[in-house]
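Hi there,

Here is the structure I promised to pass on.

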Amino acid sequence: MTLLLPAAASMDLTGPLAELSERGFSPLGRTLSDEGITALGQRADAIMLGRGADPKEFFFQHDSPSGRYEDLQHGRGYVGPSLAYRKIEKLEKDPLFRSWIQNALFERVARSLCEGPITLYRAVLFNKAPHGGTELPWHQDNGSFWGLDRAPLVQIWTALDDAPIEAGCLEIVPGSHAGGLATPLGGMVPQNVAEAAGAEARRIFVPARAGESILIHNDVWHRSGVNETDAPRRGFTICYLRGETRCLRTRRAPRRFETVFGA
Ligand SMILES: O=C(O)CCC(=O)C(=O)O
(Lines give C-alpha, C1' and ligand atoms only; values in the text may rest on other atoms or scores of the structure.)
Protein backbone atom coordinates (compact mmCIF):
# COMPACT_ATOMS: atom_id res chain seq x y z
CA MET A 1 0.00 0.00 0.00
CA THR A 2 1.26 3.49 -0.85
CA LEU A 3 0.78 5.78 2.12
CA LEU A 4 2.70 8.82 0.89
CA LEU A 5 1.22 10.71 -2.04
CA PRO A 6 3.81 10.77 -4.85
CA ALA A 7 3.44 14.54 -5.29
CA ALA A 8 4.08 15.08 -1.59
CA ALA A 9 7.26 13.01 -1.65
CA SER A 10 8.98 15.59 -3.84
CA MET A 11 7.39 18.78 -2.48
CA ASP A 12 9.59 21.85 -2.15
CA LEU A 13 10.30 22.20 1.56
CA THR A 14 11.96 25.62 1.40
CA GLY A 15 8.80 27.57 2.26
CA PRO A 16 7.49 25.19 4.94
CA LEU A 17 10.86 25.04 6.71
CA ALA A 18 11.14 28.85 6.69
CA GLU A 19 7.60 29.12 8.08
CA LEU A 20 8.37 26.51 10.75
CA SER A 21 11.33 28.59 11.85
CA GLU A 22 9.44 31.93 11.81
CA ARG A 23 5.97 30.96 13.04
CA GLY A 24 6.65 27.66 14.83
CA PHE A 25 4.44 25.60 12.53
CA SER A 26 3.74 25.05 8.87
CA PRO A 27 0.87 23.21 7.17
CA LEU A 28 2.30 20.97 4.44
CA GLY A 29 -1.01 20.26 2.72
CA ARG A 30 -2.05 16.80 1.64
CA THR A 31 0.56 14.09 2.22
CA LEU A 32 -1.33 10.86 3.03
CA SER A 33 -3.09 8.88 0.28
CA ASP A 34 -6.80 8.06 0.36
CA GLU A 35 -6.03 4.42 1.06
CA GLY A 36 -3.60 5.51 3.77
CA ILE A 37 -6.27 7.61 5.47
CA THR A 38 -8.63 4.63 5.48
CA ALA A 39 -6.01 2.12 6.55
CA LEU A 40 -4.49 4.17 9.38
CA GLY A 41 -7.96 5.17 10.59
CA GLN A 42 -9.12 1.56 10.62
CA ARG A 43 -5.93 0.49 12.37
CA ALA A 44 -6.36 3.17 15.02
CA ASP A 45 -9.87 1.96 15.73
CA ALA A 46 -8.79 -1.70 15.76
CA ILE A 47 -6.10 -0.89 18.32
CA MET A 48 -8.58 0.97 20.53
CA LEU A 49 -11.04 -1.91 20.25
CA GLY A 50 -8.36 -4.50 21.02
CA ARG A 51 -8.91 -6.23 17.68
CA GLY A 52 -5.91 -7.80 16.00
CA ALA A 53 -3.45 -5.98 18.25
CA ASP A 54 -2.36 -6.62 21.81
CA PRO A 55 -3.29 -3.58 23.93
CA LYS A 56 -0.28 -4.33 26.14
CA GLU A 57 1.96 -3.19 23.27
CA PHE A 58 0.70 0.40 23.52
CA PHE A 59 0.14 3.13 26.08
CA PHE A 60 -3.47 4.27 26.38
CA GLN A 61 -5.17 7.12 28.15
CA HIS A 62 -8.96 7.27 28.07
CA ASP A 63 -10.92 10.52 27.79
CA SER A 64 -12.15 12.05 30.99
CA PRO A 65 -15.93 11.70 31.37
CA SER A 66 -16.26 15.49 31.76
CA GLY A 67 -13.99 16.44 28.83
CA ARG A 68 -11.85 18.39 31.32
CA TYR A 69 -8.11 17.83 31.28
CA GLU A 70 -7.97 18.06 35.09
CA ASP A 71 -10.35 15.09 35.35
CA LEU A 72 -8.18 12.68 33.34
CA GLN A 73 -7.41 9.49 35.20
CA HIS A 74 -3.74 8.64 35.07
CA GLY A 75 -2.11 5.22 35.20
CA ARG A 76 -5.16 3.22 34.16
CA GLY A 77 -3.99 2.40 30.62
CA TYR A 78 -6.25 0.18 28.54
CA VAL A 79 -9.70 -0.02 30.10
CA GLY A 80 -11.36 -2.18 27.44
CA PRO A 81 -12.73 -1.68 23.93
CA SER A 82 -13.67 1.97 23.43
CA LEU A 83 -13.32 4.56 20.69
CA ALA A 84 -12.97 7.27 23.30
CA TYR A 85 -9.30 6.94 24.19
CA ARG A 86 -7.70 10.40 24.32
CA LYS A 87 -4.28 9.23 23.29
CA ILE A 88 -2.41 6.13 22.30
CA GLU A 89 1.38 6.10 22.43
CA LYS A 90 4.01 3.66 21.15
CA LEU A 91 2.35 3.37 17.76
CA GLU A 92 5.76 2.73 16.25
CA LYS A 93 5.13 -0.85 17.33
CA ASP A 94 2.42 -1.15 14.72
CA PRO A 95 3.86 -1.89 11.25
CA LEU A 96 1.41 0.35 9.39
CA PHE A 97 1.92 3.38 11.63
CA ARG A 98 5.62 2.64 11.53
CA SER A 99 5.74 2.84 7.76
CA TRP A 100 4.12 6.30 7.98
CA ILE A 101 6.70 7.35 10.60
CA GLN A 102 9.44 6.35 8.15
CA ASN A 103 7.99 7.88 4.99
CA ALA A 104 10.30 9.60 2.52
CA LEU A 105 8.85 13.09 2.96
CA PHE A 106 9.24 13.09 6.73
CA GLU A 107 12.77 11.81 6.25
CA ARG A 108 13.50 14.79 3.97
CA VAL A 109 12.07 17.16 6.58
CA ALA A 110 14.14 15.65 9.38
CA ARG A 111 17.31 15.55 7.30
CA SER A 112 16.86 19.19 6.32
CA LEU A 113 16.96 20.08 10.01
CA CYS A 114 19.98 18.03 11.09
CA GLU A 115 22.77 15.80 9.89
CA GLY A 116 23.27 12.16 10.80
CA PRO A 117 20.85 9.58 12.14
CA ILE A 118 17.40 10.51 13.36
CA THR A 119 15.60 8.76 16.20
CA LEU A 120 12.04 8.66 17.47
CA TYR A 121 10.83 10.19 20.73
CA ARG A 122 7.17 9.37 20.36
CA ALA A 123 4.44 8.39 17.91
CA VAL A 124 1.03 9.28 19.34
CA LEU A 125 -2.57 9.28 18.22
CA PHE A 126 -4.61 12.17 19.64
CA ASN A 127 -8.19 11.02 19.32
CA LYS A 128 -11.40 12.95 19.89
CA ALA A 129 -14.48 10.76 19.60
CA PRO A 130 -17.66 12.25 18.07
CA HIS A 131 -19.19 14.63 20.62
CA GLY A 132 -16.34 13.78 22.93
CA GLY A 133 -12.67 14.37 23.45
CA THR A 134 -10.84 16.18 26.21
CA GLU A 135 -9.63 19.76 26.16
CA LEU A 136 -5.88 19.90 25.87
CA PRO A 137 -4.58 23.14 27.42
CA TRP A 138 -1.73 25.33 26.11
CA HIS A 139 1.47 23.36 26.23
CA GLN A 140 4.96 22.98 24.79
CA ASP A 141 6.47 19.62 23.91
CA ASN A 142 9.86 20.17 25.47
CA GLY A 143 11.50 21.00 28.80
CA SER A 144 12.96 18.91 31.61
CA PHE A 145 9.63 17.07 31.79
CA TRP A 146 10.65 15.44 28.49
CA GLY A 147 13.90 14.14 29.99
CA LEU A 148 16.20 14.96 27.09
CA ASP A 149 19.72 16.38 26.99
CA ARG A 150 18.82 18.65 24.06
CA ALA A 151 15.73 19.98 22.35
CA PRO A 152 13.65 17.62 20.20
CA LEU A 153 14.07 18.08 16.45
CA VAL A 154 10.54 18.50 15.10
CA GLN A 155 7.02 17.12 15.28
CA ILE A 156 4.87 16.23 12.31
CA TRP A 157 1.12 15.93 12.88
CA THR A 158 -1.15 14.25 10.33
CA ALA A 159 -4.94 14.39 10.25
CA LEU A 160 -6.60 10.99 9.84
CA ASP A 161 -10.00 12.72 9.68
CA ASP A 162 -11.15 16.18 8.77
CA ALA A 163 -10.31 18.39 11.73
CA PRO A 164 -12.37 21.58 11.43
CA ILE A 165 -12.62 24.12 14.24
CA GLU A 166 -15.77 22.43 15.63
CA ALA A 167 -13.97 19.09 15.86
CA GLY A 168 -11.20 20.49 18.05
CA CYS A 169 -8.51 21.29 15.50
CA LEU A 170 -5.07 22.41 16.58
CA GLU A 171 -4.83 25.94 17.95
CA ILE A 172 -1.46 27.62 17.90
CA VAL A 173 0.09 30.89 19.13
CA PRO A 174 2.24 31.76 16.10
CA GLY A 175 5.80 32.73 16.94
CA SER A 176 5.49 31.63 20.59
CA HIS A 177 8.37 29.17 20.12
CA ALA A 178 10.74 32.14 19.82
CA GLY A 179 10.38 32.88 23.52
CA GLY A 180 11.75 29.46 24.49
CA LEU A 181 10.26 27.51 27.36
CA ALA A 182 7.53 29.09 29.49
CA THR A 183 8.92 27.14 32.46
CA PRO A 184 12.06 25.00 32.72
CA LEU A 185 9.82 21.99 33.27
CA GLY A 186 8.06 22.51 29.94
CA GLY A 187 4.75 20.82 29.15
CA MET A 188 1.76 22.87 30.30
CA VAL A 189 2.03 26.64 29.98
CA PRO A 190 0.85 28.07 33.32
CA GLN A 191 -2.39 30.01 33.03
CA ASN A 192 -0.88 33.27 34.32
CA VAL A 193 1.93 33.02 31.75
CA ALA A 194 -0.55 32.34 28.93
CA GLU A 195 -2.68 35.29 30.05
CA ALA A 196 0.28 37.64 30.36
CA ALA A 197 1.35 36.71 26.82
CA GLY A 198 -2.14 37.34 25.42
CA ALA A 199 -2.31 33.78 24.13
CA GLU A 200 -6.07 33.89 23.64
CA ALA A 201 -5.95 36.96 21.40
CA ARG A 202 -2.91 35.79 19.45
CA ARG A 203 -4.11 32.22 18.92
CA ILE A 204 -5.07 30.98 15.49
CA PHE A 205 -7.07 27.90 14.56
CA VAL A 206 -5.28 25.47 12.28
CA PRO A 207 -8.02 23.31 10.77
CA ALA A 208 -6.93 20.40 8.60
CA ARG A 209 -8.48 18.04 6.09
CA ALA A 210 -7.93 14.30 6.37
CA GLY A 211 -4.53 13.38 4.99
CA GLU A 212 -2.90 16.77 5.58
CA SER A 213 0.23 17.17 7.69
CA ILE A 214 1.55 20.04 9.78
CA LEU A 215 5.11 20.70 10.91
CA ILE A 216 5.13 21.75 14.57
CA HIS A 217 8.05 23.25 16.49
CA ASN A 218 8.17 21.58 19.91
CA ASP A 219 8.29 24.95 21.69
CA VAL A 220 5.30 26.53 19.97
CA TRP A 221 2.30 26.91 22.29
CA HIS A 222 -0.50 24.72 21.06
CA ARG A 223 -3.75 23.26 22.35
CA SER A 224 -7.00 21.68 21.12
CA GLY A 225 -10.63 21.62 22.24
CA VAL A 226 -13.37 19.02 22.33
CA ASN A 227 -15.09 17.53 19.29
CA GLU A 228 -18.60 18.84 18.73
CA THR A 229 -19.15 17.01 15.44
CA ASP A 230 -20.65 13.62 14.56
CA ALA A 231 -17.31 12.31 13.24
CA PRO A 232 -14.11 11.28 14.99
CA ARG A 233 -11.11 13.63 14.97
CA ARG A 234 -7.92 11.60 14.99
CA GLY A 235 -4.49 13.21 14.63
CA PHE A 236 -1.27 11.22 14.53
CA THR A 237 1.83 13.05 15.70
CA ILE A 238 5.45 11.97 15.43
CA CYS A 239 8.33 13.57 17.32
CA TYR A 240 11.79 13.05 15.83
CA LEU A 241 15.11 13.56 17.62
CA ARG A 242 18.70 14.16 16.59
CA GLY A 243 20.51 10.81 16.75
CA GLU A 244 22.84 11.97 19.52
CA THR A 245 19.98 12.86 21.89
CA ARG A 246 20.20 11.09 25.24
CA CYS A 247 17.57 10.37 27.86
CA LEU A 248 18.23 12.06 31.21
CA ARG A 249 15.65 10.17 33.23
CA THR A 250 17.10 8.32 36.18
CA ARG A 251 14.12 6.77 37.92
CA ARG A 252 14.24 3.83 35.51
CA ALA A 253 16.88 2.74 33.02
CA PRO A 254 17.26 5.62 30.54
CA ARG A 255 15.36 5.19 27.30
CA ARG A 256 17.28 4.35 24.16
CA PHE A 257 15.69 6.09 21.23
CA GLU A 258 15.17 3.95 18.19
CA THR A 259 16.73 5.03 14.91
CA VAL A 260 14.11 5.64 12.27
CA PHE A 261 16.35 7.24 9.63
CA GLY A 262 19.92 5.92 9.58
CA ALA A 263 23.10 7.91 8.96
O1 LIG B 1 -3.94 16.62 18.20
C2 LIG B 1 -4.03 17.22 19.27
O3 LIG B 1 -5.10 17.53 19.74
C4 LIG B 1 -2.83 17.61 20.06
C5 LIG B 1 -1.57 17.42 19.35
C6 LIG B 1 -0.38 17.79 20.16
O7 LIG B 1 -0.45 18.35 21.20
C8 LIG B 1 0.91 17.45 19.64
O9 LIG B 1 0.99 16.93 18.51
O10 LIG B 1 1.89 17.69 20.34
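Let me start with a pair of strands: β7, which covers residues 170-172, is joined to β9 by 3 bridges, and the two run antiparallel. Within that pair, L170 stands opposite V206 of β9. Please keep in mind that this is a predicted model.

Now for the sheet around that pair. β7 and β9 belong to an open sheet of 5 strands, with the order β8-β5-β11-β7-β9 and antiparallel pairing. Which strands form the edges? They are β8 (187-188) and β9 (204-206), and each of them pairs on one side only. V206, the residue opposite L170, is therefore part of an edge strand, as β9 spans 204-206 and pairs on one side only.

K90 has a phi near 70°, which is a positive value in a residue other than glycine. You will find K90 in the loop that links β3 (85-89) and α4 (95-101). Its relative accessibility is 40%, so K90 counts as partly exposed.

The other one is H131, where phi is near 50°, again a positive value in a non-glycine residue. H131 sits in the loop between β4 (118-128) and β5 (136-140). Is H131 buried or exposed? With 55% relative accessibility, H131 counts as exposed, because the cut-off for that class is over 50%.

Key:
Residues are numbered from 1 along each chain as its sequence is written. This is a predicted model: local features need pLDDT of at least 70, side-chain atom pairs count only at pLDDT 80 or more; totals for chains, interfaces and linings use all residues. Side-chain values use heavy atoms; hydrogens and water are left out. Two strands pair if DSSP finds at least two bridges between them. Helices (H or I, at least four residues) and strands (E, at least two) are DSSP runs, numbered from the N terminus. Buried means under 20% relative accessible area, exposed over 50%, partly exposed in between (1.4 Å probe, protein chains only).
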